[in-house]
Amino acid sequence: MDSNILAVREFARDYVNGGAGQRTAERRRTIQNAYFALTGTQLRKTCSTCYIEAIFKIINAMEKQPSRYQLKRGAVLFAFGDASKTMTNANITDELAEWHLKNTRGAASLFAVIPTDSKTAETVEMLKPNEPAEKTPAAMVETVNKDVVNKPTNKPKPATVKKSTAASKRRPPQHKTKK
Amino acid sequence: MATCSRIAAEILYACANMVAGIKDIAYFINVDDIDKDSCTFDVDNPLLLTQLVLKATSPTPYAYRVEGHNYSNEHDTALVKGTYYNSWEHNFRFRIFDNSPDVKLWINTIVGSRFVVVQENNFSNTDSPAGRTVFEVLGWDFGLEIKEAVRVAADEELAGGWNLLAGCSEKLKESKPPLALFVGGDIATTRSAIADLLE
């Protein structure tokens, strides 16, 4: 873990309480560096409480179990009638993300990061509009195999496009538009 | 004359009094950062945005909070009647109570930007689901631009702060009135979605 983040965790309580000599320029620099290490963005310093807000952000981020999945900013996934399934980047977990990828249609497009070893997104992509979302990949494979077995082998070949015949020359193509 | 839409509902008087004005906090988003392919609208109402999502690009795009003071943010919208097509003007006036180099740099940057504004109305309807009138999105089609940026050093009201007006381009106006933003079927989820847009 970044040494600046560790340092911030150590002096966070003193800094927030704001005793004499606690809010030094050196500590502010440490907070800035820790914030950058954690978020990849520079800390905005235009407000009076920016450093304290940054400390809370750093501490909360360290306490949260990191998820391998990440939603696009602002995206919310929810299940009708089940508030416990509502998911944003603030409460995302691997289990919840995988549940939505399996059960919520179109969820994959709202993810910014899906681990490469995740098969759940592919499952959703394979589903047809009329199929139940709970269908497992194994069941789908079975359906596909059944279709292949039931397919008549002596099916006539699809008609090829014929070249223009004498009849088609006589009758011009009909248009649907009304005059 | 060919008309493209017909009136299909009644408007009944809602006895709850409206509350004027908007909140002091608004959210600015660069219009190019919005992932419009992933954003969704209500199936029955194209003016109700049900998912506002930013692109997953690097550097990570964010919404930026602009905080006013004592009802310093103002909004108005109006129909612009055209010969063949109608359009809408969206205006957002906001004031900045500072003149630091950081603020001046911010103003100088936003003058060259196009951005969407998410504002919070004081009025919240009580119809179920409650809260659909709270958040509005201005400049969805093209984004707004800064049309006025004025600082009068001796101004008594602002005490030397900045007075800015964001509005539609002179050429291209919006095709719709401001959109309502309502995510996940309740106002709490909408607020958490907006919080997720922030840095």
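## Chain A at a glance

Of the 179 residues in chain A, 17% are buried. Keep in mind as you explore that this is a predicted model.

Chain A holds seven helices and four strands. How much of the contact within chain A links residues 24 or more positions apart? Among contacts with a separation of 6 or more, such pairs account for 48%.

## A look at helix α1 of chain A

Let's start with helix α1 of chain A, which covers residues 3–17. Its 15 residues reach 22 Å from the first C-alpha to the last, close to the expected 21 Å. Along the way, α1(A) bends by about 55° at Phe11(A).

Which residues of α1(A) are buried? They are Ile5(A), Val8(A) and Tyr15(A). The buried residues of this helix pack against two other helices of chain A, α2 (25–39) and α3 (50–63). Here is a handy rule for reading helices: an α-helix has 3.6 residues a turn, so residues three or four places apart point the same way.

## Where the two chains meet

Now for the contact between the chains: 15 residues come from chain A and 18 residues from chain B. On the side of chain B that touches chain A, helix α2 (residues 187–197) of chain B gives the most, with five residues. Sorted by class, that side of chain B has nine nonpolar, five polar and four charged residues.

Conventions: Residues are numbered from 1 along each chain as its sequence is written. Chains are lettered from A and ligands numbered from 1 in the order in which they are written. This is a predicted model: local features need pLDDT of at least 70, side-chain atom pairs count only at pLDDT 80 or more; totals for chains, interfaces and linings use all residues. Two residues are in contact if their C-beta atoms, placed from the backbone, lie within 7 Å. Ala, Val, Leu, Ile, Met, Phe, Trp, Tyr, Cys and Pro count as nonpolar, Asp, Glu, Lys and Arg as charged, and the others, Gly among them, as polar. The expected span of a helix is 1.5 Å times one less than its number of residues. The bend at a residue is the angle between axes fitted to the seven residues ending there and the seven starting there. A residue is buried if 20 or more other C-beta atoms lie within 10 Å of its own, exposed if 12 or fewer, and partly exposed in between; C-beta atoms are placed from the backbone.
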